[in-house]
Amino acid sequence: MSTGRTLRRVLRNPLGGLSAALLLLIVAAVLLAPVIASQDPGASSLSEAFAGPSGDHPLGMDSAGRDILARILYGGRTTLGGALLALAIALALGVPTGLVAGYRGGRFDSAANWTVNLVMALPAMVVLLASRAILGPDVHVLMIVLGVLVAPSFFRLVRGIVANVRGELYVDAAKVSGLSDTRIIARHVLTVVRGPIIIQVALVAGIAIALQAGLEFLGVGSGSTATWGAMLNEAFQNIQRAPRLILWPGLALGLTNCALVLLAGAVRDALEDQTPRPARRRRARPAPEPAESADSAAPRAALLSVRGLTVAYARPDGTDKEVVHGVDLDVRPGEILGLVGESGSGKTQTAFSVLGLLPEGGRVTRGSITVNGRETAGLRERDHRALRGRTLAYVPQEPMSNLDPAFTIGSQLMEPVRHHLGLGRKEAADKARELLHLVEIPDPDRTLRLYPHEISGGMAQRVLIAGAMSCDPELLIADEPTTALDVRVQAEVLDLLRRLRDERGLGVLLVTHNLGVVADVCDRVAVMNAGRIVETGTTEQILGSPRDPYTRTLLAAVLDDAPARAPWQPREARTVTA
Amino acid sequence: MSRTARTASVAACVAASLALAGCAGESGGAAGTGSSTLNIATMTLPQSLDPAVATGSALPYFQAVYDTLIKREPDGTFSPMLATEWTYDKTRTHLALTLRKDVKFADGTAFDGAAVKANMERFQKGGGASAKWLADLKAVDVTDATHVTLELAQPNPAMEFYLSDAPGLMANPKRFAKADSLKTTPDGTGPYRLDKTRTTVGTKWSYARNPDYWGKELPYKNITISFFDNETAITNGLKTGQINAALLQTSDQQIAVESDPKVKTEKQEFDFQGLLLFDRDGRITPALRDPRVRQALNYAVDRDTMLDRIRQNRGRTTSQVFGPETQAYDKKLDTYYAHDPAKAKSLLKQAGYAKGFTLKLPRITAIVNDALAASLQSDFKAIGVKLVWDTLDGASAVQKVFKDRQYSGMVMNMGQSTSDWAAADELVTPGAFNMFGTTDKVTRKLLPALKAGNEAEAKSAARELNHHLVEDAWFLPFYRMSYLHVSDGTVKISPQSGMAVPSIYNYAPAK
Amino acid sequence: MLNFIARRIAAGAVLLVVISFLSYLLLSVPHIDVGRQLLGESASQSAIDAKNASLGLDEPVLRQYANWFAHAVRGDLGTSWFTSEDVGQAVGNRLPVTASLMLGVTAVTTVLAFLLGVWAGVRRGAADRFVQVLGVVGYALPGFLLTLVLVLVFAVRLRWFPAIGYTGFTDSPSGWLSTITLPVLSLSVASVAGVSQQVRGAVIDALRQDYVRTLRARGLPASRIVFKHVLRNASAPALSVLGMQFVGLLGGAVLVEQIFGLPGIGSMTVTYTARGDIPVIMALVMLTVVGVVLINLLVDILIGWLNPKARVA
């Protein structure tokens, strides 16, 4: 997303805008110190020590008879300047090395890691004190040393993210298309790390500012230079005599730190949250209005029947954006219905509506969904949940990301059966074995003990189908179940679906963009475009004599062998599948 | 103890400049009437419990386990302890001591003349911070078990004082063969023994009453001395009764305890704070060679405001370095230099420095806080003198000031000895605090008289010397600071004359 | 696994030697005249030289280090120059104090930060804002101010807890608890504030994962998904932060130890470093390195347990 949009998003967030304004104000005040302050921060008139606020000295005088306002403003220069210095050093040392180490790995990575471990194991206090003894009691010296000491946190952050991202598809693709490493880092990798870096920057700035105060408190200070830390310490030394001295430096320090953290949070939200976060209206969710579609006259199927379904997402400004506009669908037992359309046509939203699992902010605004004749649109979460697993099941598109990496295959298969069917550990294990058998996984006993990262994509998809079938559902909702698989595995999985339909009378809502898949397994097809069903019929009808121009375009595209979907997509853009 | 102990404690303080307060910290304590343990808090650490390295500021740690030859009472007078009598000969170079005969160390070794000789010779050569106090000791002649004579190279009026301080501490001579063992396992004849199981060297020392003590037992069965590195913790401990007695130096903590009705306080003026001008020969800052310049600096400083704002009026302004208990003290000299910038300016003009000069001084923030630093700067600026502070760490300050002699002076907190000679010796005799060795006709004449003269001669020499130092502006004293001996209400503390820290004998349950 | 631990410990040992060398050099550079500090400013140069020689300070720095190292590998860390304590004992005496603080803070932080973070991440809305505000305030509050307020209110005024001092756990478990409660509280505020934000972020990230939707599609209750799957996946990143926080506490404890008059490692580090008491500082440096190495190892093992993908072969 562009910097401009990020900025707007940050500012639109009330806390983000407020803290940005506050920081700007503080920085401006500090920069304009010579204009605002009536006197030099060091000018002292001891006879006026501890004097309260007056016209000349709006914040009063400190223990040495110095103008508190002047010291806050000039002190801010040293304090914030020092924090900037620490940051600059930490960023300069940590980020480039982290990028290279994470991207290249190898010897540089080992050497850098070793150095970082060394720096992190150094006792910071000893190093700070010793450097001070060597280089002199100057706040800048302390900040430079601090910068070096916190650089590892940037290094680790960046290195970790980059190492993760290195293997991602889109970086590979960029490599294939012949971009130089530098350009890949600049274009793709930096984009990924900037969010976390910004947050870390705010935290480190806060630490630097707080540390100045802490060191002053320990008597390891900045000499005679005014800093907020020094002022706070001076106030502490006179806390009995004049407790109010603590107010202004405390406020300056506290507010700056608050603003930094809040701003960092807002920036993170802006960078990471592509979906607008609506005000959550858990309880007051309006029930969908009844369908008003003209097609609603058609007889409704026993297993799944959708009439006039509309789905909308709340926008931050409170209005709704409708993405599905009145969809009608029917799935009968023992029937596979293909729901076909391009990305963004609304087919996945339709599928999620049936499951009651629309992503945050989305909701069914109109229409009716019946499962086994029971209305589920607007059903309470708890009741909807009771349907999932035993009546409705779901097979996702991307096999790997849909298995919890932290648990074994066995544990993930046993969990629903233990929960729904109340089986004991041993029976559940038997059932899991049986399920793996059902989806034709060789050596089920070994597979049960494996973790998701230890199996192949095709195997993972079978495991997901096994998981979906574990409680013997009546309707399987499969969202592009074969897209991520290679052709041979794809055919096997489709065979499996067909078999399940035939042997168990399973109804399947198969969401796909792939007309080949449709031709292979579907009994009937619904074609979706821009949130509407444009055509419904048997597979033969639709593929053989399409009536709708859009269906014809789709078919033509298959014949041209053009990919219906881009070969790779940055992960960010995948968060919302529509 | 005052002077040199003070010196050592300034050094220690300078070193541990992290302490919130200025130097000098010791503490006194009191025990609960019901409780049999006296908990004293202190900000001073002993280097070890070997008397060879004992210093005045850490004396209470030693007094618990070791007796001194002479006891120093709270008012500064001397009374018998391990020595029952002591007399000088006419030349004041032979000091004859009569020793107690019933005193034994824990292992049964008798305390006798040989022990005195062994201890004093060991102290003299032991390399401790106070070893130089025995520089004038030529020999220790053991007449018999209960009689020894100290032979001095020259008269030393402070000898009795020394014998009541670190050099007078007597350890079991049998332990000298394995010298290091005394460091953590003291062996003396004192009223307490170190309870090693409950002692954590470096943070807390526990002493239990010595069942075989020869003298009158002290009121507390147990004494603990705990080390703290800041007065805030001490103040809070006093308020909750976890600490029975302590000394508070900073005015803010003094205010903090006074607000508590239970807490009992006892004021004592011991340290003075001032700028010691070392550079009276003008080696670093040529201007300082002219007495008029030094006088001008004295007139420039607004002592009353400083005392009021920096110490909340806790103390007394002064222009002299001698304390009120000395013979040299003259009340009139306290106000000799009143704040008078105009006079200061004209003095500078007469001296040829109408345009002023730059004075660079070291600053240890534990001693020179912001208010003091800023006010001296603006007071000097008012007469055209530019004061530049060089902020130093405690450890490097000692080095730069006293070894490298980089500065013309230094603001210090100095203990005020009750002994005229001790005070004069520390500040006027060429040495650490007269590091450039300034002398003049008057000091050359008066110092020997003060040291070797009879009482009357010494007294007049002292007074004359004091007047000379003030008028010639050898120093720039600001004020004597009042410290507060604080107890949680259960202890009566008797301040020790000439010592910031009360002796271990000065605590008793409050009635 | 054992092989992995052995390799990490070996790497740690190398780190220990390198850091000990660097630290010794760093500490020797300021040329703090130890003898002069010990004997006072009025001591004669010959006395000072003799003192320095007796401490071995007249030798070249490399020789001094070699000397120190030769003794240290045999477990002899020497004696403090300034207090004559046996260094091993001195550090050993103070370690329980700081260790108690750190463990206490870690326990409090783990429990509270996870509760708050999960609550905020799952419920979002008002709960989320509450936790975020708490985090910001806890983070921005000057530490010593909070500590002072706690002492004045709960120790001096209400007398619920002692204001100063430390009681060993073995001496009296209840005394131990009462002496460390306030210090742990003062340190925990910032720590809970920081870690709860991390947990919140990790929980939100985990909730967005595809497998969470799949688990919901299987009809599993939300609580089970959150506490079993989300928590476990969110724990790994939170744990690294907790580990860093723990290491950071070594430094952060100083202030609290001073105000509570606790004889711990933190205040010891500051006091002894300022004096230049090299034998003690070196022991503290070694202790820190060992601590950091062990904590990192522990965190890595825990993360490996939580996240099989990160497990080493």
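1. In this predicted model, B:Gly241 comes after helix α6 of chain B and has a positive phi, near 80 degrees.

2. The buried residues in α6(B) include B:Ala233, B:Ile234 and B:Leu238.

3. In chain A, attention turns to a pair of helices. The axes of α7 (residues 139-166) of chain A and α9 (residues 181-217) of chain A come within 10 Å and cross at roughly 155 degrees. Because of this angle, α7(A) is roughly antiparallel to α9(A); angles over 145 degrees count as such. The crossing of α7(A) with α9(A) is right-handed.

4. Which residues in α7(A) and α9(A) meet? On the side of α7(A), they include A:Val139, A:Leu142, A:Met143, A:Leu146, A:Phe154 and A:Ile161. On the side of α9(A), A:Val189, A:Val193, A:Pro196, A:Ile197, A:Ile207 and A:Leu215 are among them. By class, this contact of α7(A) with α9(A) has 21 nonpolar residues, three polar residues and no charged residues. A:Ser153 in α7(A) takes part in the contact, as do A:Gln200 and A:Gln212 in α9(A).

5. For chain C, the domain assignment gives domain 1 as residues 34-75 and domain 2 as residues 94-275. How many Å apart are the C-alpha centres of domain 1 and domain 2 of chain C? The C-alpha centres of these domains lie 42 Å apart.

Technical notes:
Residues numbered from 1 in each chain as written. Chains lettered and ligands numbered in written order. Predicted model: local features only at pLDDT ≥ 70, side-chain atom pairs only at ≥ 80, totals over all residues. Axes fitted to C-alpha atoms, helices over the stretch in contact; angles between N-to-C directions. Helix = DSSP H or I, 4+ residues; strand = E, 2+ residues; numbered from the N terminus. Parallel < 35°, antiparallel > 145°, perpendicular 65-115°, else oblique. Left-handed = near helix turned anticlockwise from the far one by under 90°. Contact = placed C-beta atoms within 7 Å. Nonpolar A, V, L, I, M, F, W, Y, C, P; charged D, E, K, R; others polar. Domains from an automatic or database assignment. Buried ≥ 20, exposed ≤ 12 C-beta atoms within 10 Å, placed from the backbone.
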